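Please consult the sequence and the model shown below while reading.

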Amino acid sequence: MGKRSVALLLLAVVVVAADAAAAAAKNGSERCDLFEGRWAADESYPLYSASRCPFVPDVFNCRRNGRPDVAYLNLRWFPSSCRLPRFDGVELLRMWRGKTVLFVGDSLSMNQWVSLSCMLHAAVAANATGGATPRVSFTSGEPVSSVRFLDYDVSVVLYYSRFLVDVSDEPGLGRVLRLDSMGGDASAWLGADVLVFNTWHWWTYRGASQVWDYVQDGNNTYRDMERLDAFSKGLSTWARWVDANIDASRTQDGEVAAPPSPADGGCYDQTRPLQEATSSDGGGGGLLPEQVVVRGVVGSMATAVSLLDITRMSQLRIDAHPSVYGGPGRDGMDCTHWCIAGLPDAWNHIMYAMLLATPHRT
């Protein structure tokens, strides 16, 4: 069987765009950096109300969970050297007519999947005549959840996978993280027309939060491994799988997006961004080690993959986390995920601009 032809979008947590592969819109004869810019209030934001979107889980619905401030909802991302095209969800659905868009990753992938589904839902509702309700079907499950826009035959799907590589139960050992294997879930991803991948968050967990007992690399099994080394090996396995199975020839570039690490110093009672604009030094330092890993792996791939570099812009938004407003039954502070509506809408807006900039689109 030949390689499936898809538009490849790679979402890897905490990544930075490689210079040669960064997807960007054109600004005259210059290449526009969509990821350097500033956050500013816009009265037309947010693009939708979470209360009117049927796909938002409690954990992301900060306003319903009692968050009193609203300024975080009105912030819009403005690139420094160009203008983002207006997000047109109906145009995007027409572009994707008859296709399946698949997000593969952990709960940060869920964040972006919910955001995009709500943006599209709101766009269809606004375009409907006579206030008609958008025709959609919605299923929520483990590992697959899906929103289908019936009038466009477009499915926006989430496939939950913490590591992309396999975790298997082995007699006498328990749960084994297999750095060189993608034989389990990956076959289910081949039916998609657009793929968005994400991993990193769970690679850092230790102790009771760690969801594996041993790590296997080739014929060797270890109790533990330096996490960056394990991440690099696992991501390299993913890269080989993409090169062997995915044909991204219909697009100029694949894309990789980059949410930041959890907020340092906590996010409680934060109602404004850390600062308004990204800076030339990256908004507080150089590349993180995991960013270097992703850049190296993606740069070595035969398949055209670029990176959606949302790290710096997201790191500024210390105000955009659920904090203590994560919903009923959730204790503690959530400085990892993001409120919906909110920051993930900007990720999807930039992804939309990058898709428009590709010659063959999808």
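Of the 21 residues of helix α2, 16 are buried, so α2 is largely enclosed by the rest of the structure. Buried here means under 20% relative accessible area, with exposed over 50% and partly exposed in between (1.4 Å probe, protein chains only). This is a predicted model, in which local features need pLDDT of at least 70 and side-chain atom pairs count only at pLDDT 80 or more, while totals for chains, interfaces and linings use all residues. Residues are numbered from 1 along each chain as its sequence is written, and side-chain values use heavy atoms, with hydrogens and water left out.

**Helices**

- Helices (H or I, at least four residues) and strands (E, at least two) are DSSP runs, numbered from the N terminus.
- Helix α2 covers residues 107-127 and reaches 30 Å from its first C-alpha to its last, close to the 30 Å expected at 1.5 Å a residue; the expected span is 1.5 Å times one less than the number of residues.
- The N-terminal end of α2 is capped by Asp-106, which has a side-chain oxygen 3.0 Å from the backbone nitrogen of Leu-108. A polar contact is a pair of N or O atoms within 3.5 Å; within protein, one must be able to donate a hydrogen and the other to accept it, and residues adjacent in sequence count only if both atoms are side-chain atoms.
- At the start of α3, a side-chain oxygen of Glu-226 comes to within 2.9 Å of the backbone nitrogen of Leu-228.
- The buried residues of α3 include Phe-231, Leu-235, Trp-238 and Trp-241.

**Strands and sheets**

- Two strands pair if DSSP finds at least two bridges between them.
- Strands β8 (residues 136-139) and β9 (residues 144-149) are antiparallel and share four bridges; the two form a hairpin with four residues between them. Val-136 has Phe-149 of β9 as its bridge partner.
- An open sheet of four strands runs in the order β11-β12-β14-β15, with mixed pairing. Its edge strands, β11 (166-170) and β15 (220-222), each pair on one side only.
- Antiparallel strands β11 and β12 (residues 174-178) are joined by five bridges, and Ser-168 stands opposite Val-176 in β12.
- Ala-40 is placed in strand β5 (residues 37-41) and counts as buried at 16% relative accessibility. Ala-40 lies 5.5 Å from Arg-76, C-alpha to C-alpha, although the two are 36 residues apart in sequence.

**Aromatic rings and charges**

- Rings of Phe, Tyr and Trp (its six-membered ring) pair if their centres lie within 6.5 Å; planes under 30 degrees apart count as stacked, over 60 as edge-to-face and the rest as tilted.
- This rule gives 13 aromatic pairs. In one of them, the ring centres of Phe-197 and Trp-241 are 6.2 Å apart and the planes stand at 80°, so the pair is edge-to-face.
- Phe-197 belongs to strand β13 (residues 194-197) and Trp-241 to helix α3, so this pair ties together parts that are 44 residues apart in sequence. Both Phe-197 and Trp-241 are buried.
- Tyr-159, Trp-189, Phe-197, Trp-238 and Trp-241 are linked by ring pairs into a cluster.
- Arg-67 lies over the face of Tyr-72, 3.7 Å from the ring centre, and Arg-162 over that of Trp-202, at 4.4 Å. The criterion is that NZ of Lys or CZ of Arg is within 6 Å of the ring centre and within 35 degrees of the ring normal.
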